[in-house]
Amino acid sequence: MGWVDFEVRTRRRAELVDITERVAEAVARSGIAEGTCHVFVPHTTAGVTINEGADPDVAADIESHMTELVPKEAAYEHAEGNSDSHIKTVLVGPSCTAPVREGKLALGTWQAIFLCEWDGPRTRRVEVAVARS
Ligand code: ZN
């Protein structure tokens, strides 16, 4: 079991950033052939998810509809003014796992791993841990 981390610089307030290649590099460097890749972000207003990476319109729709689903302006208590970002992060979650087969990330054909920024632009940290099974 080993882990690595890397930084992602986001450019918009709501933005899905495809981090599949960087996670795949971490999997390759781990030298583990069969196991589980765990991706975690140590943040409260950004999360991580696995979804369609082939058509960029899907990520764009997720960005715009999450913003509709959880509006920025509402009757929130949190004084920092970013409760919508915290709520979107709850919906997405702070981590995801994917199988590792034959030393590679074994995602579905259309799947990609996305850092989900909800309070950018910021610099985010992503941790990748690969465990042997
Ligand atoms: Zn806050």
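This is a predicted model: local features need pLDDT of at least 70, side-chain atom pairs count only at pLDDT 80 or more; totals for chains, interfaces and linings use all residues.
**Ground rules.** I number residues from 1 along each chain as its sequence is written.

**Entry: salt bridges.** I searched the whole structure and got nine salt bridges. The criterion is a side-chain nitrogen of Lys or Arg within 4 Å of a carboxyl oxygen of Asp or Glu.

I looked up Arg125 and Asp5 first. They form a salt bridge, with the closest N and O atoms 2.9 Å apart. Arg125 sits in strand β8 (residues 123–132) and Asp5 in strand β1 (residues 2–9), so this pair ties together parts 120 residues apart in sequence. Elements here are DSSP runs numbered from the N terminus: helices are H or I with at least four residues, strands are E with at least two. Arg125 is partly exposed at 29% relative accessibility. Asp5 is partly exposed too, at 38%. For these words I use relative accessible area: buried is under 20%, exposed is over 50%, and partly exposed is in between (1.4 Å probe, protein chains only).

Next I took Lys88 and Asp84. Their side chains meet in a salt bridge at 2.9 Å, N to O. Both are in helix α3 (residues 83–92), four residues apart, and so separated by about one helical turn.

Then came Asp119 and Arg122, whose side chains form a salt bridge at 2.7 Å, N to O. Asp119 is buried at 13%. Arg122 is partly exposed at 30%. Which residues do shared partners join into one network? I found Arg13, Asp84, Lys88, Asp119 and Arg122 in it.

**Entry: α2 against α3.** I checked how helix α2 (residues 56–69) packs on α3. The angle is about 120° and the axes are 10 Å apart. Axes are lines fitted to C-alpha atoms, for helices over the stretch in contact, and angles run from 0 to 180 degrees between N-to-C directions. That angle makes α2 oblique to α3. The classes are roughly parallel under 35 degrees, roughly antiparallel over 145, roughly perpendicular from 65 to 115, and oblique for the rest.

Which residues meet? Met66, Thr67 and Leu69 in α2 meet Lys88, Leu91 and Val92 in α3. Contact means heavy atoms within 4.5 Å. By class, the residues of this contact are four nonpolar, one polar and one charged. Nonpolar covers Ala, Val, Leu, Ile, Met, Phe, Trp, Tyr, Cys and Pro; charged covers Asp, Glu, Lys and Arg; the others, Gly among them, are polar.

I then listed the buried residues of α3: Ser83, Asp84, Ser85, Lys88, Thr89 and Val92. Their cover includes β4 (46–52), α2 and β7 (111–117). Just after α3, Gly93 takes a positive phi of about 90°.

**Entry: Lys72.** Lys72 is in the loop between α2 and α3. Its relative accessible area is 37%, partly exposed. Leaving aside neighbours within four places in sequence, Lys72 is in contact with Arg13, Gly81 and Asp84. Arg13 and Asp84 also belong to the salt-bridge network. I also took the C-alpha distance from Lys72 to Glu117: 14 Å, at 45 residues apart in sequence.

**Entry: backbone checks.** The peptide bond from Gly120 to Pro121 is cis, with omega near -5°. Pro121 lies in the loop between β7 and β8. Glu102 has phi near 50°, a positive value in a residue other than glycine. I placed Glu102 in the loop between β5 (95–101) and β6 (104–105). Glu102 is exposed, at 72%.

**Entry: Leu105.** Leu105 is in strand β6. It is buried, at 17% relative accessible area. What does Leu105 touch beyond four places in sequence? I found Thr20, Val23, Ala24, Val27, Cys37, Ala98, Pro99 and Ile113 in contact with Leu105. Val130 is 25 residues from Leu105 in sequence and 10 Å away in space, C-alpha to C-alpha.

Note on methods: Side-chain values use heavy atoms; hydrogens and water are left out.
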